[in-house]
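Here are my notes on this model, point by point. Please keep the structure open as you read.

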Amino acid sequence: MNGAIKFSAEVSAALDAKKPIVALESTIISHGLPRPSNLEVARECESIVRGRGATPATIALLDGVVHIGLEVNELEAIANRDDISKASTRDLAIIIASGKSAATTVAATAHIAALAGIRIFATGGLGGVHRGANESFDESADLTALSQLDMTVVCAGVKSILDVHATLERLETLAIGLVGYKTRNFPGFYLTDSGFEIEHQVDSANEIAAIIKARNVVQTSNHALIVANPVVKEMPKSRHDEILKNGLANAQRDGIDGKYVTPYLLEYFHTASNGESLAINTEIIKSNCALAADIAVALQ
Ligand code: PSU
Ligand code: MN
């Protein structure tokens with residue numbers, strides 16, 4: 001690829017040797033977690049992936065260059081610099097051409113990972129259909145991106161700030177595959193169970209690897225596969241629902257919309273729960289990184 005794309009030494013070596021690689025997104029670092037936890041979690045995620053025999057490829061844009069795999073100072077920049085915007089797929093070329101910097105969402109990260117031939121991706125919770133989307137039309141570009149990419153995404157379902165039922169319907173329409181990891185209850189990010197069922201349960205990384213191979217045989221791999229991995233220790237539902245209600249009301253009061261809604265609500269959760277949601281979010285990401293690495297290794 002050309003000069004607008006740079007691989008880290010580690011990712012470049014792994015690609016050459018055809019070793020298992022896991023893509024990691026950066027919006028969660030810049031806009032989903034507060035400093036200084038964001039950098040700590042980003043580093044831990046990378047080391048979890050390495051510890052299970054795969055190579056982490058954290059993806060972001062720095063000063064007009066797409067980075068696939070970040071060096072130590074680059075990961076710090078994504079966590080700590082104030083000029084890191086939030087880029088979805090449509091923003092990529094604009095950020096590159098203007099020499100700016102941005103963290104990549106699930107949509108943008110999956111797009112770049114697929115370009116590089118990376119097929120496994122770990123995140124926290126997917127974007128989806130927002131509550132009130134029938135009026136606001138706010139549906140994450142994560143869904144459209146995943147409807148057209150060969151990617152297996154490990155996540156704790158979709159964020160509980162969303163309209164989960166509408167999001168599940170959209171996943172079906174968009175032919176995005178969905179399996180529950182050791183569960184048939186669709187996880188709700190901070191909650192282990194969103195209240196909706198999943199048809200298919202898998203119980204091991206090997207089973208998921210077999211599905212990925214079968215996707216190639218029947219050529220459904222041009223749409224993503226979601227592996228929904230529930231968090232072990234959830235937030236008490238009554239507290240969750242209370243915080244969410246207040247967060248949504250505050251967002252409306254403050255006129256928050258578009259790409260700012262999700263970071264606003266996550267930040268609201270972290271503050272209002274006195275860090276409880278932060279601890280859960282951290283567990284979610286770490287556990288998803290571990291499973292994604294196991295899948296990448298099982299695929300070899
Ligand atoms: N998962 C998390 N924290 C996050 C995100 C996911 O635990 O911050 C990010 C992802 O980058 C996802 C984005 O793509 O939130 C969704 O934003 P939106 O709803 O604006 O599409
Ligand atoms: Mn949106």
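1. Helices (H or I, at least four residues) and strands (E, at least two) are DSSP runs, numbered from the N terminus. Thr183 sits in the loop between β9 (177-181) and β10 (185-188). This is a predicted model, where local features need pLDDT of at least 70, side-chain atom pairs count only at pLDDT 80 or more, and totals for chains, interfaces and linings use all residues. Residues are numbered from 1 along each chain as its sequence is written, and side-chain values use heavy atoms, without hydrogens and water.

2. Is Thr183 buried or exposed? Thr183 is buried, at 11% relative accessible area. Buried means under 20%, exposed over 50%, partly exposed in between (1.4 Å probe, protein chains only).

3. Which residues does Thr183 touch? They are His200, Gln201, Ala228 and Pro230, leaving out residues up to four places away in sequence. Contact means heavy atoms within 4.5 Å. The side chain of Thr183 also reaches the backbone nitrogen of Asn185, at 2.9 Å.

4. Now the lining of the largest pocket. By class, 6 of its residues are nonpolar, 15 polar and 9 charged. Here Ala, Val, Leu, Ile, Met, Phe, Trp, Tyr, Cys and Pro count as nonpolar, Asp, Glu, Lys and Arg as charged, and the others, Gly among them, as polar. The largest share, 4 residues, comes from α2. Domain 1 (1-118) and domain 2 (127-300) each give at least three residues to this lining; the bounds come from an automatic or database domain assignment.

5. In the second largest pocket, α11 gives the largest share of the lining, 3 residues. That lining divides into 6 nonpolar, 6 polar and 4 charged residues.

Note on methods: Chains lettered and ligands numbered in written order. Polar contact = N/O pair within 3.5 Å; in protein donor to acceptor, adjacent residues only side chain to side chain.
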